[in-house]
Amino acid sequence: MIQLIELTVNGERHDLAVEPRRTLVDVLRHDLGLTGTHVGCEHGICGACTVLVDGAPVRACLMFPAQVEGADIRTVESLAAPDGTLNDLQQCFSAHHGLQCGFCTPGFLMLAEGYLAEEPDATKEEIREVVASNLCRCTGYQTIVEAIDDCAVRRRAALQQQLDGSTA
Amino acid sequence: MKPAAFSYHRAHSVAGAVGLLTELGEDAKVIAGGQSLVAMMNFRLARPEHLIDITHVDGLSGIRRDGAALHLGALVTHRAVERADLGPEFRVLSEAMAWVGHLPIRTRGTVGGSIAHSDATAEWCLLAVLLDARIVAEGPAGRREIAAGEFFLGPYTTALEPDELIVEIVFPRPAPRAALTEYADRKGDFAIVAAAVDLDAPGGPRVVLGGVAPTPVSVAPRTGAGSRSPGEIVAAAVEVRDEPGISAHYRRGLVRTLVDRAWAEAAAR
Amino acid sequence: MNEAAFRKDGAWVGASVPRREDPRLLAGRGRFVDDITLPGMLHAQFVRSTEAHAEIRSVDLAEVRAVPGVVAAFDAADLDLRDITALLDRPAAEFVPTAMPVLARDRVRYVGEPVAIVVARDPYAAEDGLEAAVVEYAPLEPVVSDTAALAPGAPLVHAEAAANTLVDVSMFATEGIEETFAEAHTVVRVQTRTGRQNALPLETRGVVADWDDRDEQLRVQTCSQVPHQVRTVLARCVGLDEKRVRVTVPDMGGGFGQKCVVGREEIAAAAAALRLRRPVKWIEDRRDALTASFLAREQRYDVRAAFSADGEILGIDADVVCDMGAYSCYPFTAGIEPLMASAEMPSVYTVPAYRVRARAVTTNKAPTAPYRGVSRPQYVMVVERLFEKAARALGLDAVELRRRNLITTFPYTGVNAVTYDPGSYLESLDLCEATLREEGWFDRRAEPGRVVGIGFACFSERTGYGSGAFAQRRMAVVPGFDLSQITMDLDGTVAVTTGTLSHGQSHETTMAQIVADRLGLPYERVKIVQGDTDRITYGWGSFASRSITIGGSAVAAASVKLGERLREIAAHLLGTDLDSTALDGDGGVRAGDRRLSYAELADVAYLRSHLLPKGLDPGLSATASFDVDGDGTFSNATHGVVVELDPGTGGVRILRYVCVEDCGVAIHPQVVEGQARGGIAQGIAGALFEQVTYDEAGQPQAPSFMEYKVPTAAEIPDVRIEHLETPCAFTESGAKGAGEGGTIGAPAAVLNAVNDALRHTGTELDDTPIPRESIFRALEVGR
């Protein structure tokens with residue numbers, strides 16, 4: 001059975017005809033060609049497939065696309081500027097060596113983007129707790145936590161600067 | 001690890017979902033957050049022929065106080081409860097959510113789904129029994145309320161009829177002095193043992209345990225006399241499972257520890 | 001952010017420059033094998049054995065072929081492929097060769113063994129197809145433990161391997177060792193069992209294969225640490241010339257050894273592509289990765305150590321049994337673990353007498369491959385436990401006991417006939433202990449009411465195994481050397497091929513740093529080419545911490561040669577002699593005050609070759625090889641761990657982790673630290689969390705991440721790393737290998753710390769992963 005669905009991914013609308021059983025991550029990767037989102041376990045534990053649905057991090061391996069029709073889906077491909085310039089979070093990952101093989105990285109990036117948007121004042125310990133949502137086999141996690149914390153600190157400082165500027 | 005084929009049905013209302021359940025019979029499964037169901041489908045341990053998606057049904061995502069009672073719509077997510085300010089009367093619910101999987105699971109997983117799934121260590125199942133929750137289900141004949149104590153029949157087995165849908169969970173009374181704690185070797189795992197305590201339950205303090213039996217086990221320990229701690233009393237009173245790698249002795253020890261810890265936490269409020 | 005923390009003292013080597021790999025991986029624009037789509041591509045999955053041990057009565061795939069979307073299904077008879085057989089150059093008493101068929105033919109030897117391949121239009125249909133396969137088995141009694149395998153009258157996993165023993169070697173037996181033990185003041189003993197583990201790269205194994213008529217080649221894009229070995233085995237199995245097979249490796253999501261052997265599935269998928277003349281992709285799913293992939297580490301040790309009254313170690317007497325599962329892996333064979341344990345067990349100590357017997361037994365479990373550290377996590381754990389036990393028996397401090405026995409004069413030739421190059425064994429122990437002391441952890445340990453313990457592990461790790469060192473193991477194929485070719489283009493940029501390949505270790509960056517220093521070029525102008533059998537004659541790939549030591553040395557040597565060639569041309573053009581020229585460190589050659597840039601020299605070499613000196617070939621390229629002459633180079637480290645135990649649950653919390661490591665010259669310190677931290681996480685995983693288990697019938701009990709407990713950020717602590725630097729005298733950059741040390745030291749240090757915390761209980765725990773129930777029970781008695 002084939003189902004017609006309409007997905008909005010990274011701001012772009014797509015009309016698709018797929019079997020209902022295709023998981024969201026397979027649709028993103030293989031029907032839309034957005035291969036930045038990875039598949040690590042297909043049972044919701046490793047988090048390599050983490051994407052944002054309406055701003056919140058979710059496991060794309062545990063969802064069917066029909067469930068997110070009408071939602072705003074964001075993948076790792078949405079982070080860098082069109083000219084390839086990495087966003088602040090991506091730059092922090094590089095600076096802190098928060099990735100080695102890079103396979104888990106898109107999942108951690110989207111997890112962090114979703115979390116920091118919700119909790120911009122998160123402490124490093126709270127960040128560590130959220131980082132525990134996903135698995136990484138290369139880094140030992142320390143530099144991932146440091147990268148996200150660094151990014152959060154920078155975003156807060158930038159916001160403060162903006163506020164100071166607007167009141168001055 | 002790809003699911004077997006199924007037909008997808010989107011419900012737009014509770015009545016519509018019940019209609020689909022009635023029409024499609026036992027081969028149909030309701031999907032809400034899908035955080036347990038889809039994992040089982042990917043392993044092909046669950047292979048429903050029909051999937052009824054209720055995530056687009058309006059009106060099931062509300063968190064609402066009604067006098068002393070707290071009403072949680074079936075589609076309220078764990079994360080929504082975690083972030084909600086439920087006041088001192090129901091803070092135990094928000095705090096317990098930290099034990100539910102990880103952030104992305106809590107983002108998507110729902111209260112109703114967790115209750116319907118009936119895992120013996122699931123936090124919502126323990127909390128429902130602990131706080132005398134009523135599970136509101138709608139079927140072809142209308143709505144009925146099922147007491148949590150009579151709802152969980154076994155692992156993945158509940159008192160819900162195949163054509164019924166959980167629409168709401170009602171927590172009828174405040175629990176200002178209640179707490180839940182767990183132990184697992186690794187963060188976010190299903191607990192080996194989970195213990196929830198409500199010191200203000202009707203008829204005296206109540207303990208509900210997860211992980212010791214196929215369904216949550218409720219105990220009303222008689223404390224007061226003697227020098228034994230509540231944990232020791234509960235541990236001596238319950239039957240616990242014995243399995244390879246985790247003996248009954250160890251599990252009983254965990255019961256003792258966790259009951260005491262939850263008790264102390266609740267008492268400190 | 002360390003903005004452009006570039007060149008230290010003008011050199012690229014030693015600076016933590018931004019990684020060349022990062023931009024694409026962070027943007028989601030890497031290319032992993034499952035990201036590859038070819039026109040008309042089909043998807044494969046495998047019908048796998050449901051029995052641990054059985055005769056195959058029949059395989060019926062007729063229903064499979066009728067499943068919608070299924071294009072083809074083949075069993076062993078359909079594909080008719082040659083078996084994969086790995087050999088040691090050892091006598092029959094020491095090694096029994098066994099064949100691993102690509103698809104099981106008449107017998108299955110573990111649950112998950114591939115029996116047939118199903119090829120379909122998508123992975124969903126392929127999995128539908130698997131369910132329609134009808135395989136009739138006649139079950140045989142399974143052999144599910146090493147003790148069962150060695151029991152008299154045990155059923156045989158391979159008829160040719162009596163007593164289920166594939167390898168039985170006694171490599172060392174110092175004369176008089178019996179007397180040494182009989183007369184020793186103190187003899188301590190460790191009997192331990194370590195759990196079976198999965199190396200668990202987060203990216204599972206996978207391959208895309210297609211036959212290309214234009215190139216007349218079977219093109220195989222696979223997730224492998226050893227592309228040339230895959231080419232050889234594939235060519236043999238399907239009966240093609242090696243030139244008709246091209247193996248390339250795209251971005252790879254980790255390997256850790258699991259991908260440094262040839263997998264049956266990649267051969268079968270390629271054979272199916274060849275048969276169907278259509279591209280075939282196989283991506284291992286996580287259940288198969290957890291149950292049917294290559295595993296490692298399940299070993300049993302019974303080891304004694306003799307000490308004098310004043311704490312001098314007098315001898316080690318060891319019996320090692322490794323449960324290698326159902327098959328010998330290619331190219332290493334089932335000897336990989338027992339041979340490593342035998343050769344290296346005396347560790348960092350001056351052990352005068354040594355006897356060892358080590359066996360590989362075959363059982364009805366998924367087969368094994370090397371896994372980061374290979375036996376060293378285990379024997380280091382055993383030796384470090386022996387020192388702890390001896391210290392208790394002798395009434396000495398265990399750190400002090402280690403100090404008395406560490407190798408301190410180099411080079412040191414051990415009782416195991418291995419020569420150890422200079423390291424900082426004593427210095428790293430001193431610094432590690434001092435660091436924990438300064439941070440106040442010994443005071444915390446003494447606080448009443450808390451169950452806190454401190455553990456140490458001292459070890460070294462042989463890296464840069466050359467052909468000489470591997471020849472000692474007596475493999476039939478002897479890894480060792482590596483090759484490099486460097487070419488310079490018209491604009492003065494270079495491309496360097498290497499026979500190694502990075503799968504997380506950052507070689508695109510670190511190899512470029514090595515070249516940049518040799519040629520005086522910015523590292524951005526150096527492109528590293530790796531993982532392509534058509535681009536380099538031969539390469540041994542990346543494993544055993546060999547890439548920077550050997551591959552990096554070959555790359556450096558090729559760069560130097562190219563530099564000489566550039567000077568030759570410059571000398572000619574400038575009308576001076578070679579000795580008057582020098583690379584100027586800034587992309588040119590200088591002679592006195594005159595200078596020619598690389599682009600100017602390349603212009604002559606390619607576009608105006610008539611200006612070249614007579615006898616000099618046009619173009620700019622050079623090749624070099626490198627091998628380690630001798631026993632390799634030893635990195636070393638000391639790990640110190642502080643744990644706190646929870647008496648109420650048996651839970652373990654790591655409060656502090658300090659690693660003092662010495663891998664010679666660090667090309668990129670941040671990368672070295674990353675290797676250490678990641679390795680330590682895997683070592684902690686082995687000590688406390690991960691285990692592949694089976695029931696009595698040989699059914700795997702850990703088919704998901706619910707049961708196979710990979711630790712998260714909540715379990716893995718931050719690690720303080722201190723560097724010491726004892727440069728290697730014979731690698732081109734002074735570097736020693738850095739890939740495995742973390743994993744080697746962590747289990748010993750964690751186990752020692754837990755036992756230190758239990759010191760008041762009388763209980764000692766020596767098995768891993770440490771059961772929390774055992775901790776709980778130990779502390780319960782002490783309550």
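Start with Asp718(C) and Arg128(A): these two form a salt bridge, with the closest N and O atoms 2.4 Å apart. Keep in mind that this is a predicted model. In total, 5 salt bridges are counted between chain A and chain C. Polar contacts between these chains come to 26 residue pairs, with both residues at pLDDT 80 or more.

Which helices of chain A supply at least two residues each to the side that touches chain C? They are α1 (24-31), α2 (88-95), α3 (105-118), α4 (124-131) and α5 (142-167). The largest share, 6 residues, comes from α2(A). By type, that side of chain A has 19 nonpolar, 19 polar and 11 charged residues.

As for the extent of the contact, 49 residues of chain A and 53 residues of chain C take part. The area buried between them is about 4300 Å², and carbon and sulfur atoms give 56% of that.

Now to the sheet, in chain C. It is open, has 5 strands with mixed pairing, and runs in the order β9-β17-β16-β15-β10. At the edges are β9 (165-173) and β10 (186-194) of chain C, each pairing on one side only. Ignoring direction, neighbouring strands are turned by 10 degrees against each other on average.

Within this sheet, β16 (313-323) and β17 (354-361) of chain C pair in the parallel sense over 8 bridges. Val321(C) stands opposite Arg359(C) in β17(C).

Two helices of chain C pack on the sheet. Helix α10 (336-344) touches β9, β15 (299-307), β16 and β17, and its direction makes about 5 degrees with that of β9(C). Helix α11 (376-394) touches β10, β15 and β16, at about 145 degrees to the direction of β10(C).

Notes
Residues numbered from 1 in each chain as written. Chains lettered and ligands numbered in written order. Predicted model: local features only at pLDDT ≥ 70, side-chain atom pairs only at ≥ 80, totals over all residues. Heavy atoms only, no water. Contact = heavy atoms within 4.5 Å. Buried area = accessible area lost by both parts, 1.4 Å probe. Salt bridge = Lys/Arg side-chain N within 4 Å of Asp/Glu carboxyl O. Polar contact = N/O pair within 3.5 Å; in protein donor to acceptor, adjacent residues only side chain to side chain. Helix = DSSP H or I, 4+ residues; strand = E, 2+ residues; numbered from the N terminus. Nonpolar A, V, L, I, M, F, W, Y, C, P; charged D, E, K, R; others polar. Pairing = 2+ DSSP bridges. Axes fitted to C-alpha atoms, helices over the stretch in contact; angles between N-to-C directions.
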